[in-house]
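Here is a short report for a reader who is new to this structure. Please keep the sequence and the model side by side while reading.

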Amino acid sequence: MKVEEVLCMLGGTGDDSYATVSKLEDQTVANVILIMKRSVEDLYHDFLPENYMVVADLGCSSGPNTFMYFSQIMDAIRESCDRLSHRPPELHLLLNDLPGNDFNTLFGLFTSSVEKMKEEKGEKFLPFYPAGVPGSFYGRLFPTRSVHFMYSCLSLHWLSQVPQGLESKANIAVNKGNIYISKTSPPLVSKLYLEQFQRDFHLFLKLRSEEMCSAGQMVLMFFGRRTSDPAEEENNYIWTLLTKALNDMALEGIIKASDVDSFNLPYYQPCMEEVKMVTRDEGSFDVVHEHVFDLNWEALSNLDEKSLVDNFASAEFLAKIIRSVAESLLAPHFGKAIIDELFSRFTAIVAEHIKKEKGKFVILIVSVRRRG
């Protein structure tokens, strides 16, 4: 199973679709936008784009956050131009994701998003021209030295493939009973995941350096971790709970235990030092800004405060988010028929978990400047 051929967020605009459930909470938006604006200011300080500016969103998916982020970048460009008494450029927005992404839904949002931006910004609105760019960001996407500013929001924790070496050997699963790194995984599993991340992120930076203009800027946001050990349970609660639902179904004979043993997510949550280490080793970029913060699970939902008191309602919404992200990987391996049952069980398990403690994600944001 090639990741780039199957991985995509759940398309359309239904209740479980990524477009419906992917509404990031204000803290996440505010943190990444602050760093985006600083990066645009740095870009204008180092290099003044003339009549046009090319902006690329890597891993744009199909939800409303795509144009929300771009709207803030537009504000930063306008403010920088006003400060420098420079005529604002026209903007070319390149929207990249894997070929299976629901670009139809994304561009269906385009007209309403543009009208909303025009209404909100008035004279500060800048003309822009979007284009879809299907393809993996672990390959070349754009012409050499053609892009001024790139950003990727919550995409780069996805690897190009399941880590090499995790395949079962002599019918013995390397990561038995787990779908990601856990406290019961052998140390080899963490090592293989780190090595795959290092290879992928090194390649990503190399390719982007070829596509980016001199002094170009890039802002990257990951799901990550604070601790040095990726096997610590607090880093992986959400996948540990999904694993429990799968193992319960295996015990009841609904799915095969061997199918659980042989499934591993092409996903890695790095710590900031790992991100910076690969950036230093690759050598094309300097780290300019960095930020780490926690995001509570309930903050991802669009439920009102009354609904959030209900653990089940909160768990149900979080399960929808995870389903919109992971179904494209789970269904080909376990079969489409078990997906509803799996996420019904997952919802109940999450509800029990959040009765005892609040879950959280760790978010890493880093901005880099291209050298030379």
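The model is a predicted one. The end-to-end distance of α12 is short as well. The helix has 24 residues, and a straight helix would reach 34 Å at 1.5 Å a residue. The end C-alpha atoms of α12 are only 28 Å apart.

How many of the 24 residues of α12 are buried? The count is 18, so α12 is largely enclosed by the rest of the structure. After α12 comes G335. The phi of G335 is positive, near 100°.

## The chain as a whole

The protein chain holds 13 helices and seven strands. It has 372 residues, and 57% of them are buried. The accessible surface of the chain is about 15900 Å². Carbon and sulfur atoms hold 51% of that surface.

Take the contacts with a separation of 6 or more: 84% of them link residues 24 or more positions apart.

## Helix α13

Helix α13 covers residues 339-356. Its 18 residues should span 26 Å at 1.5 Å a residue, and its end C-alpha atoms are 26 Å apart, which agrees.

The buried residues of α13 include I339, L342, R345, T347, H353 and I354. What covers the buried residues of α13? The cover includes α8 (237-251) and α12 (311-334).

An α-helix has 3.6 residues a turn, so residues three or four places apart point the same way. F343 and F346 are both buried.

## The nonpolar core

In soluble globular proteins, nonpolar side chains tend to be buried together. Here the largest nonpolar core has 114 residues. Which of them touch the most other members? They are F128, F149, Y151, F201, F204, W239 and F346. Helix α12 gives the most to this core, with ten residues.

Y151 shows how far such contacts reach along the chain. Beyond its neighbours within four places in sequence, Y151 is in contact with residues that include M36, V55, D57, Y69, L93 and V219.

## Aromatic pairs

A pair of aromatic rings is described by the distance of the centres and the angle of the planes. The structure has 17 aromatic pairs. In one of them, the rings of F149 and Y151 have centres 6.2 Å apart and planes at 40°, so the pair is tilted. Both F149 and Y151 are buried. F343 and F346 form an edge-to-face pair, with 5.9 Å from centre to centre and 90° between the planes.

There is also an aromatic cluster. Its members include F137, Y138, W158, Y180, F201, F204, W239 and Y268.

## Links across the sequence

N65 is in helix α4, which covers residues 65-84. N65 counts as buried, with 11% relative accessibility. N65 and C153 are 88 residues apart along the chain, but their C-alpha atoms are separated by 9.3 Å.

L192 is part of helix α7 (residues 187-211). Its relative accessibility is 10%, so L192 counts as buried. Residues up to four places away in sequence aside, L192 touches P163, Q164, G165 and L166.

R145 is a residue other than glycine, yet its phi is positive, near 55°. Where is R145 found? The answer is the loop between β3 (128-134) and β4 (147-153). R145 is partly exposed, and its relative accessible area is 40%.

A215 is not a glycine either, and its phi is positive, about 65°. A215 is in strand β5, residues 212-224. Is A215 buried or exposed? A215 is buried, with a relative accessible area of 14%.

Technical notes: Residues are numbered from 1 along each chain as its sequence is written. This is a predicted model: local features need pLDDT of at least 70, side-chain atom pairs count only at pLDDT 80 or more; totals for chains, interfaces and linings use all residues. Side-chain values use heavy atoms; hydrogens and water are left out. Helices (H or I, at least four residues) and strands (E, at least two) are DSSP runs, numbered from the N terminus. The expected span of a helix is 1.5 Å times one less than its number of residues. Buried means under 20% relative accessible area, exposed over 50%, partly exposed in between (1.4 Å probe, protein chains only). Contact means heavy atoms within 4.5 Å. A nonpolar core is a set of buried Ala, Val, Leu, Ile, Met, Phe, Trp, Tyr and Cys residues joined through side-chain atoms within 4.5 Å. Accessible areas come from the Shrake-Rupley method with a 1.4 Å probe; for residues, only the protein chains shown count as cover. Rings of Phe, Tyr and Trp (its six-membered ring) pair if their centres lie within 6.5 Å; planes under 30 degrees apart count as stacked, over 60 as edge-to-face and the rest as tilted.
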